[in-house]
Amino acid sequence: TKGDIMLHNVIPKHMEPITAKLRAAGCEIEEFDDALRITRSGELKPLKLKTMPHPGFPTDMQAQLFALCTIAIGTSVIVENVFENRYRHAAELGRMGASFTQKDRTAIIRGVDKLTGARVKAWDLRGGAAMLLAGLAAEGETIIDHAELIDRGYDKLHETLNALGAQIIRKEN
């Protein structure tokens with residue numbers, strides 16, 4: 001329910017579609033020349049978002065914010081306008097207790113009180129990142145099969161998150 005992180009080596013202007021949604025979800029964001037400080041002390045609020053080509057909300061962040069919406073208080077709506085079949089992560093989040101319905105390009109996510117750790121599968125790197133984030137928020141242990149897909153876009157993400165206090169154990173197959 002709390003968080004405080006400083007992201008360095010970013011261009012805040014490039015992050016505006018994402019930071020706008022994080023603000024809408026209840027986060028406070030301070031912008032610096034080449035950094036962002038993101039804090040949260042209260043409950044997450046539901047989101048409405050539509051993916052769009054640049055400069056709109058990036059489809060590459062849809063799965064991660066889908067994971068956030070699973071524990072927001074209320075009902076969120078995500079419309080995927082860029083790629084078809086971009087909700088493969090949804091069923092895996094459902095294995096963790098997420099509540100959602102999906103029709104075509106629209107997902108309606110009803111926030112739950114808690115997610116529960118489960119064995120899930122990463123179908124792609126962004127969905128894998130969503131599983132990792134959901135696993136960090138879940139009660140109990142989460143095992144992500146095919147977690148190596150996450151490495152295609154996030155270099156040593158488990159090490160970065162462990163430095164922030166996560167407890168991620170990486171096991172090679």
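Modeller: A cavity is a set of points, on a 1 Å grid over the protein atoms alone, where a 1.4 Å probe fits but cannot get out, and its lining residues have an atom within 4 Å of a point. Grid points are joined across faces, edges and corners, and a volume is the space filled by probe spheres set on the points. The structure is a predicted model, in which local features need pLDDT of at least 70 and side-chain atom pairs count only at pLDDT 80 or more, while totals for chains, interfaces and linings use all residues. Residues are numbered from 1 along each chain as its sequence is written, and side-chain values use heavy atoms, with hydrogens and water left out.

Biologist: How many cavities does that rule give, and what is the volume of the largest cavity?

Modeller: The count comes to 1 cavity of 30 Å³ or more, and the volume of the largest cavity is about 50 Å³. Its lining is made up of Ala63, Asn85, Arg86, Tyr87, Arg88, His89, Asp124, Arg126 and Gly127. Helix H3 (88-95) and helix H4 (125-137) are the elements that give two or more residues to this lining, helices being DSSP runs of H or I with at least four residues and strands runs of E with at least two, numbered from the N terminus.

Biologist: What makes up the lining of the largest cavity by class?

Modeller: The classes are 2 nonpolar, 3 polar and 4 charged residues. Here Ala, Val, Leu, Ile, Met, Phe, Trp, Tyr, Cys and Pro count as nonpolar, Asp, Glu, Lys and Arg as charged, and the others, Gly among them, as polar.

Biologist: Why is Thr70 called buried?

Modeller: Buried means under 20% relative accessible area, exposed means over 50%, and partly exposed lies in between (1.4 Å probe, protein chains only). Thr70 has a relative accessible area of 0%, so it falls under the 20% limit and is called buried. The residue sits in the loop between helix H2 (62-69) and strand E5 (75-79). Leaving aside residues up to four places away in sequence, Thr70 touches Leu93, Ala98, Ile109, Arg110, Gly111, Val112 and Leu115, where contact means heavy atoms within 4.5 Å.

Biologist: Why is Asn9 called exposed?

Modeller: The relative accessible area of Asn9 is 71%, which is over 50%, and therefore Asn9 counts as exposed. Asn9 is found in the loop between strand E1 (3-8) and helix H1 (16-24), and although it is not a glycine, it has a positive phi of about 60 degrees. Most residues other than glycine have a negative phi, and most peptide bonds are trans. A cis peptide bond, with omega about 15 degrees, joins His54 and Pro55.

Biologist: What makes the pair of Asp60 and Arg86 a salt bridge?

Modeller: A salt bridge is a side-chain nitrogen of Lys or Arg within 4 Å of a carboxyl oxygen of Asp or Glu. The side chains of Asp60 and Arg86 meet at 3.1 Å, N to O, so the pair meets the rule. Asp60 lies in the loop between E4 and H2 and Arg86 in the loop between E5 and H3, so the pair ties together parts that are 26 residues apart in sequence. Asp60 is partly exposed at 33%, whereas Arg86, at 15%, counts as buried.

Biologist: How do you know that Lys13 and Glu16 meet in a salt bridge, and how many salt bridges does the rule count?

Modeller: The N to O distance between Lys13 and Glu16 is 3.5 Å, which is within 4 Å, so this pair also qualifies. Lys13 is exposed at 57%, while Glu16 is partly exposed at 34%. The count comes to 11 salt bridges, and Asp4, Glu30 and Arg37 are linked in a network of them.

Biologist: What makes the buried residues of H1 line one face of the helix?

Modeller: In H1, Ile18, Thr19 and Leu22 are buried. Seen down the axis of H1, these buried residues fall within an arc of 95 degrees, so they line one face; the arc is that of the directions from the helix axis to the C-beta atoms. An α-helix has 3.6 residues a turn, so residues three or four places apart point the same way. The buried residues of H1 pack against strand E2 (28-31), strand E3 (35-40) and H2.

Key:
1 Å grid on protein atoms, 1.4 Å probe; cavity = no way out; pocket = protein on both sides within 12 Å on 5 of 7 lines; lining within 4 Å.
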